[in-house]
Amino acid sequence: MGKFGGILSSLGKSSGKGSTAAGKPASSPSSSSAASGGASGGIGSWLKGAGGTAAGAVRGRAAAAAGAAQAAGTAVAYEAVEQVTGAAKSTSFIIVILGIVQYLLRLWFGPISIVYVFSLALFVLSAYALAAKLEKGKAAILLPMLIFVVWYFIYGGNYEPTFLMYFVSIAIGISLLFALVSKGNSVKPELYGLIPIVFLYLDIGLIPLLVEKMNFSITPLLESLILYMPWWAFLGVMTLPTESSKEGGANFLINVARIGGIMYIVFVLVVVAVPDIGYAKSQLPGTADFEAAQLRVKAQLPQKENPAYSNLMCIFSEPTDTPGCVERRQEASELKYICEKLEKKEPGTNEYDSCLKEQKEEKEKEKLKVAGASDSTIKEPTTAEFKFSQFFPKLTYAAPGENLKVGYPTELEVKNPRLQKFTVQVSCNFTSKGKDKESFPGIIAGGENENTLSVNEMVERNTFVCNPPDGKILNGSYELIYTAKISNLIAASRLGRVFIGKKDEKWKEEWIPKILSAHFSGSTYLSQGAPDFARLNFALGNPAENPIVESGKKVVITSNLENVGGGKITGVSSYHLGLENYFSGADTECIQGDSSNVHIPDTAKSYVKEVIFFPTCTVDVPSVWETVEDYVTAEFKAAAQYDYSLSKEVDIEVKELPT
Amino acid sequence: MRPIISIITLIIVLSLVLFITSCRGGTPQSVLDYNFKQGIAEVKMKFMDNAPPDKIYPLSKFKIILELDNQAAYDITTGKVSLAGIVGDYFLMEETEKELDPLQGRSMLNPSGDKVQVEFSGTSGQPFANAKEYRNNYYLLLKYSSKMDFGATVCIHPGLYDMYDSGCKTEKSKSFSGQGAPLAVTNLEQIIYPSGVGAEVEYRLLVKNRGKGKVTLVTFHGAKLGGEPLECEFRQEDGTTLTTAKFNEKKQEAMLICKTFLKDQSSYLTTLSADFSYDYVLEEKHTLNLVK
């Protein structure tokens, strides 16, 4: 802390010294060289003399003007440099710049280690920036940050209640000790110290993790926060000093940064409701999980125009309907990206127009689908993962023409907590990365019987070795893709509903908020499915997503199977909503069916989430719930059997040994 | 340090004040003298220990046992306890509703009031799929009917312009702390209009729910001033008047208007009494936890 103490003692001084007066002006232009000569030679000579004088005067003025311009230019340049260096002395300004750099690096390169190092450096820098705002006890701002670092990195973010009891008590004890010794001056700095912790998590992907673990619905606001909010830069903007220096040296630049930052934030956050939040206990994942979650969520979100830019354009083009304009621009940019960048269609061609029309139809369909949520009570989903050991031969050498006999092994680990019975068939494929993109299937060692794994236990592991086909000589870089085709998986979901019979408006006004609060907090009004590869979403009500069902109205039953994993649904063999005992009048197809009722979309051409729709129908409320005294709660179960395909890519290279 | 010391000092002083003011002096009152029909009192509900248990394991039997203690000064005539919102897949209850026998209130003959235990039996299911737990919020509803009697001594002074009347002094308005029930007359207004050889007297009784639950309906059964019956009605929102008043979530009070005519005479003290019956609902939210 000695080093910190020395540095901290310099905090609080105004950052950026006042600039000196803008450079010295250039030396006075040389006085016009007066024409020599007096009045000799009469008028002619006089004129000559006068002309000479005038010319000299003009030359002098031109020289003076040039000199003045040069001086002004130098002064402006000097002022600009002063501005920048003055501003740079503000820690907050540095955080703004580095925050933007870090954000751009993440956007372009993903969660590489340098981005993580940036986050940690900004974490420490933000302490300085916040400490500048305090008058006393600045060093105490580091205390909660230090406690957090110890807890997160040394104790691995242990959240066990018994551990937390001791750790939190000790932390509080240390804080109180500081507070006593500093006579209460350390309380405010310690609270300030919590801010960098929050921003660290916001930056490395807390929101995307909440989307995955706690089922935030991805609203436009959340989308903006995930894609377009550079959190550290935001913190830097918020902590910019109101007056960087007494002499106003760097104020202009800092004020521009502040105003620009606030405007950006306002545009990004404009006009949306915050999603309904339902918190449940969750495990605290590592930073790698956060980063990975952020990437996964970003991958789910299509590439669209920056909402800030959309807002700006719409303010001028459609000032009376800016939100609608923004939504249309966002949708149009998304479709344009899909057809131009992904489908590689030339804009202006019939193929391009046809692609736009097709994607628009898919989007409309997506808007109508019923949503579901991951069941937060199911902590262990069914997973399958390809793993590679440190001995995986990413780079090998072969003599020219040598048929390399090294195989490419991968371990497939399947976790099956619900003890389902299914099979996994593994295959592999090589695709060269050279100019001639050659693609050919590999052979799993051992033959046809060895490429299948039967899963019956809670955890199954098997190693599959992929070899190039006989006679094929590998030379160069390849993308090796392992594919696991999983058959006969079961997606199970449950849906809660409340039947109130016939009630008057006063009863409904009093009781519906209570029922929603007691039984449908967060997203529990949606069907809850295990967070496996695919989730069966279903709903019934009027409208379908309304969890309160009244008598006298038709009830809509709707369902779909949604791909929530990283692979593809390749088939649906059956689906069954457990409603036949209650809703006897429902169409059979609506309640249950097999593959003949199911259309699997062409996922190669669909960039919205893969969703397989089942038939929808309407029914009456069951007679047993036509009249109830207070209300009745019921839970319905549903299941679907499906096939799934997962892939994992790995880059390999075979280099030819020199002869 | 200084702010902390100040806060601690304040807490100590407040505790002392609270302790001192709550002590009562004087000789204890006997049951015979004690007036049970005062203050606000109602039926108290509580669960018996471990019924239901904090954690219920799958496929096991459990009980929800509720103890009802009538602390009001009036009997409960008709009552029902019900459980709303329990999901049968996880907690299958044999019954979700039970009728209550009449429950006596506190009185001279029964100073502690009647207590009764209501039992609900159930069997638990299994959490969904491989979930480790399931939490089921539900409402415990106690609905009953009871009554409330109001009585107050009022000064009648029909001859308003008598300057030398040495009788009682009329009070325009009087407040009351309750009549030993959740429903209470909290305020009484007396308005006297000189009229001919006497005066028209109007009493306005503010009837309000002061309990933790909700009153749904209040019925007026009769009022007397001295020994003479009074004509009274509840004033409704639409201006009409009735002998019943419906209470709702937002409005838990009603105004009872009573009118009579008194002949000119000296002022005197007399009793104003009114009888009411009401329907009451007490609701509490609880949770059943199913854990593997």
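**View 1. V414(A) and its bridge partner on strand β9 of chain A.** In β9(A), V414(A) has E460(A) as its bridge partner. What you're looking at is a predicted model, where local features need pLDDT of at least 70 and side-chain atom pairs count only at pLDDT 80 or more, while totals for chains, interfaces and linings use all residues. Residues are numbered from 1 along each chain as its sequence is written, and chains are lettered from A, with ligands numbered from 1, in the order in which they are written. Strands here are DSSP runs of E with at least two residues, helices are runs of H or I with at least four, and both are numbered from the N terminus. β9 covers residues 459–467 of chain A, and eight bridges tie this strand to β4(A), with the two running antiparallel.

**View 2. The open sheet of chain A.** Four strands line up in the order β2-β4-β9-β7 (chain A), with antiparallel pairing. The edge strands are β2 and β7 (443–444) of chain A, each pairing on one side only. Two strands pair if DSSP finds at least two bridges between them. How many bridges join β2 (residues 383–387) of chain A to β4(A)? There are five, and these two strands run antiparallel.

View 3. Strand β4 (residues 408–415) of chain A has a covered face made of Y408(A), T410(A), L412(A) and V414(A). P409(A), E411(A), E413(A) and K415(A) make up the uncovered one.

View 4. Where does F583(A) lie? Look in the loop between β15 (568–577) and α18 (588–591) of chain A. F583(A) counts as buried because 21 other C-beta atoms lie within 10 Å; the cut-offs are 20 or more for buried, 12 or fewer for exposed, and partly exposed in between, with C-beta atoms placed from the backbone. Leaving out residues up to four places away in sequence, F583(A) touches I557(A), V619(A) and P622(A). Contact means that the C-beta atoms, placed from the backbone, lie within 7 Å. T618(A) is 35 residues away along the chain, and its C-alpha atom is 9.8 Å from that of F583(A).

**View 5. Where chains A and B touch.** The contact takes 22 residues from chain B and 21 residues from chain A. On the chain B side, β3 (79–84) and β7 (133–156) each supply at least two residues. β7(B) gives the most, with five residues.

Technical notes:
Contact = placed C-beta atoms within 7 Å.
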